[in-house]
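Here is a short report on one protein model. It covers a pocket first, then salt bridges.

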Amino acid sequence: MPAHSQLTADATPLLVFDGGCPFCRHFAALSELRGGIPDLRLCDGRRDHALRRDLADRGFPLSRGAIVLEGGRIHHGAAAIQWICARMAPSGPLLALLTPLFVDPERARRFYPLLLGARRLALGLRGLPEDPDRSGVAPDSTVSVSG
């Protein structure tokens with residue numbers, strides 16, 4: 001599917017994560033398999049170059065966090081994790097820990113930098129760049145997307 005069609009008002013949520021980060025990969029898999037979010041789709045943003053570049057061009061670089069596309073909206077960074085945690089039914093110990101911590105938008109913004117730090121460390125240990133495209137930095141946000 002072309003990247004631009006994934007950024008339209010599709011009601012089926014899509015989680016774009018950094019597949020190079022083991023923490024991100026694990027969280028994405030748990031969100032899909034045990035999170036209880038109906039029809040949640042996953043996309044390794046490190047591998048989907050066109051989608052990653054399109055999101056970065058819109059001000060949502062993968063280097064600054066996970067991205068959720070749903071219903072014509074883009075949730076980025078802490079807003080993406082908060083969106084997921086507010087909708088999931090945690091069934092494992094990691095999700096049971098993260099969900100109450102990140103379900104509140106203010107707490108999510110406060111603690112999200114810790115997740116980014118863990119991601120940075122994991123990528124560094126794997127010899128992967130934090131930013132696959134060397135794109136700019138955008139703040140955590142949620143916006144409507146015109147398709």
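## The largest pocket

Helix H6 gives the largest share of the lining of the largest pocket, 5 residues. Helices here are DSSP runs (H or I, at least four residues), strands likewise (E, at least two), and both are numbered from the N terminus. The largest pocket holds about 370 Å³ of space. That volume is the space filled by probe spheres set on grid points, which are joined across faces, edges and corners. A pocket is an open set of points on a 1 Å grid over the protein atoms alone, where a 1.4 Å probe fits, with protein on both sides within 12 Å along at least five of seven lines. Lining residues have an atom within 4 Å of a point.

The lining of the largest pocket counts 21 residues, and Phe 23, Cys 24, Phe 27, Ile 81 and Leu 115 are the closest to its centre. Two or more lining residues come from each of strand S1 (14-17), helix H2 (22-34), helix H4 (78-87), helix H5 (93-102) and H6. By class, 17 of the lining residues are nonpolar, 2 are polar and 2 are charged. Nonpolar covers Ala, Val, Leu, Ile, Met, Phe, Trp, Tyr, Cys and Pro; charged covers Asp, Glu, Lys and Arg; the others, Gly among them, are polar.

## Basis of the model

This is a predicted model: local features need pLDDT of at least 70, side-chain atom pairs count only at pLDDT 80 or more, and totals for chains, interfaces and linings use all residues. Residues are numbered from 1 along each chain as its sequence is written, and side-chain values use heavy atoms, with hydrogens and water left out.

## Salt bridges

The structure holds 6 salt bridges. In each, a side-chain nitrogen of Lys or Arg lies within 4 Å of a carboxyl oxygen of Asp or Glu. One of them pairs Glu 106 with Arg 109, at 3.1 Å from N to O. The two are 3 residues apart in helix H6 (residues 105-126), so about one helical turn separates them. Glu 106 is partly exposed at 41% relative accessibility, and Arg 109 is partly exposed at 47%. Partly exposed lies between buried (under 20% relative accessible area) and exposed (over 50%), with a 1.4 Å probe and protein chains only.

Glu 130 and Arg 120 form another salt bridge, with their closest N and O atoms 3.3 Å apart. This pair links distant parts of the chain: Arg 120 sits in helix H6, and Glu 130 in the loop between H6 and strand S5 (141-144), 10 residues apart. Shared partners also join Asp 18, Arg 46 and Arg 119 into one salt-bridge network.
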